[in-house]
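I opened a new page for this chain today. I wanted to go from the whole fold down to single residues.

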Amino acid sequence: MADFGVLRAMRALLADNASVKENGFSDHIHLAIPPAAQFPMILLELEEIWTSMKLGADTANTRLKLKASIVGQNPTGRESISMADKIRQLMDGKTLSLLDGKQGIIKLENSIIDLPSAKKPRVVEQYYEVLIRG
């Protein structure tokens with residue numbers, strides 16, 4: 001698999017978190033845009049992949065860029081911003097156990113909060129970098 005199981009591992013980590021469950025997001029964590037979106041939801045997407053020659057046993061050989069989009073139910077965005085902060089606390093600096101004994105270290109790179117609109121729910125996008133070591 002191109003993402004080394006990182007998206008599935010992140011999804012499992014989020015789905016098992018108590019604050020994600022309490023806010024109704026745990027059943028709405030998607031790895032692709034669903035045909036009929038139900039809010040609130042979290043969308044995990046693969047943005048970019050870099051691979052290189054492995055130089056040593058403990059060196060990173062793959063770097064992934066991922067995006068987590070948090071979409072709330074209301075236009076004010078309070079629940080989206082609050083959930084994005086909880087996800088940041090859960091994910092930033094976390095080490096994931098991946099396929100074939102590999103490990104991925106997650107690092108938050110950037111967050112973008114869209115402007116409020118009365119017509120659509122507010123979206124918070126978080127961009128993560130994952131370094132994979134084998």
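My entries follow, whole chain first and single residues after.

**Ground rules.** I noted that this is a predicted model, where local features need pLDDT of at least 70, side-chain atom pairs count only at pLDDT 80 or more, and totals for chains, interfaces and linings use all residues. I number residues from 1 along each chain as its sequence is written, and side-chain values use heavy atoms, with hydrogens and water left out.

**Elements.** I looked up the helices and strands. The chain has 3 helices and 6 strands. Starting at the N terminus, I read their order as α-α-β-β-β-α-β-β-β. Helices (H or I, at least four residues) and strands (E, at least two) are DSSP runs, numbered from the N terminus.

**Surface and burial.** I found that buried residues make up 39% of the 134 residues. Buried means under 20% relative accessible area, exposed over 50%, and partly exposed in between (1.4 Å probe, protein chains only). The chain exposes about 7,500 Å², and carbon and sulfur atoms supply 51% of that. These areas come from the Shrake-Rupley method with a 1.4 Å probe; for residues, only the protein chains shown count as cover.

**Contacts.** I call it a contact when heavy atoms are within 4.5 Å. Among contacts with a separation of 6 or more, 58% join residues 24 or more positions apart.

**Core.** Which residues have the most contacts inside the largest nonpolar core? They are V6, M10 and I42, in a core of 27 residues. The elements that give two or more residues to this core are α1 (6-15), β2 (41-51), β3 (60-71), α3 (78-91), β5 (103-113) and β6 (123-133). Helix α1 gives the most, with 6 residues. A nonpolar core is a set of buried Ala, Val, Leu, Ile, Met, Phe, Trp, Tyr and Cys residues joined through side-chain atoms within 4.5 Å.

**M10.** I listed its contacts, leaving out residues up to four places away in sequence. M10 touches L44, L66, M91, L96, I106 and Y128.

**I42.** I placed I42 in strand β2. Is I42 buried or exposed? I42 counts as buried, because its relative accessibility is 0%. Beyond four places in sequence, I42 touches L14, V20, F25, H28, I29, H30, S69, I70 and I87. I also took the C-alpha distance from I42 to L108, 66 residues apart along the chain, and got 16 Å.

**H30.** I found H30 in strand β1 (residues 29-30). H30 has 18% relative accessibility, so H30 counts as buried. Apart from neighbours within four places in sequence, H30 is in contact with M41, I42, L43 and L44.

**P40.** I found P40 in the loop between β1 and β2. The peptide bond from F39 to P40 is cis, with omega near 0°.

**E22.** I found E22 in helix α2 (residues 18-22). E22 counts as exposed because its relative accessibility is 67%.
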